[in-house]
Amino acid sequence: MCSFFYVIIVYFIHPMKHEPDNYLCPFCDWLAGRETLSKGNDDMVYQDDFVTAFISPKWWPNNPGNIIIIPNSHAENIYTINDDLLAHAYIITKKLSIAMRVAYECTGTSIRQHNEPDGNQSVWHFHIHLLPRYPNDRLYENHQNSYFAEPIERKKYARRIKHQLASKL
């Protein structure tokens with residue numbers, strides 16, 4: 001009985017929608033063909049009918065070349081994404097993690113996914129962050145030192161991932 005009331009509270013009393021009305025989703029906008037300085041076609045490392053992965057424009061000092069994986073159809077967060085699409089996104093994340101380990105010669109990877117404002121979600125489109133990890137990289141201590149990489153920097157990392165993915169096909 002408690003779970004029934006939880007569902008009522010979660011879905012009807014506390015809505016999980018945070019994107020504003022008339023929200024122009026930057027990921028959907030890019031998938032529609034509108035490139036920007038922060039998202040260009042050269043950044044793309046993987047795409048199929050369901051998901052797209054690209055080199056993120058936001059980097060951390062010791063962890064360059066992180067990848068963002070997004071569904072091609074809009075879903076605001078983990079609460080609204082279709083289960084099959086969610087599973088596919090994580091299957092592709094696994095493949096990209098393996099490619100990243102080889103292409104970047106990193107010694108580990110971290111996967112992050114944020115939901116809602118208090119979960120640090122800043123783009124209202126479900127997405128997964130895949131970050132390369134190295135010994136003593138201090139990723140979580142360097143959060144305030146993040147910066148936006150230039151397209152030419154991102155392109156180098158995209159080439160490395162695409163090359164590694166192609167060698168596994």
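Guide: Terms first: on a 1 Å grid over the protein atoms alone, a pocket is an open set of points with protein on both sides within 12 Å along at least five of seven lines, and lining residues have an atom within 4 Å of a point. This is a predicted model, where local features need pLDDT of at least 70, side-chain atom pairs count only at pLDDT 80 or more, and totals for linings use all residues. Residues are numbered from 1 along each chain, and side-chain values use heavy atoms, without hydrogens or water.

Visitor: So which residues lie nearest the centre of the largest pocket?
Guide: K58, S122, V123, H127 and H129, out of 19 lining residues.

Visitor: And how do the residues of that lining divide?
Guide: Into 8 nonpolar, 8 polar and 3 charged.

Visitor: Switching to α3: which of its residues are buried?
Guide: Among them are L85, L86, A89, I92, L96 and M100; buried means under 20% relative accessible area with a 1.4 Å probe, protein chains only.

Visitor: What covers them?
Guide: The cover includes β1 (44-47), β5 (108-112), β6 (128-133) and α4 (151-168).

Visitor: Which residue caps the N-terminal end of α3?
Guide: N82, with a side-chain oxygen 2.7 Å from the backbone nitrogen of D84. Just after α3, E105 takes a positive phi of about 55 degrees.

Visitor: Last one: is P135 buried or exposed?
Guide: Exposed (over 50% relative accessible area), since P135 has a value of 59%. P135 sits in the loop between β6 and β7 (147-148).

Definitions and conventions: 1 Å grid on protein atoms, 1.4 Å probe; cavity = no way out; pocket = protein on both sides within 12 Å on 5 of 7 lines; lining within 4 Å. Nonpolar A, V, L, I, M, F, W, Y, C, P; charged D, E, K, R; others polar. Helix = DSSP H or I, 4+ residues; strand = E, 2+ residues; numbered from the N terminus. Contact = heavy atoms within 4.5 Å. Polar contact = N/O pair within 3.5 Å; in protein donor to acceptor, adjacent residues only side chain to side chain.
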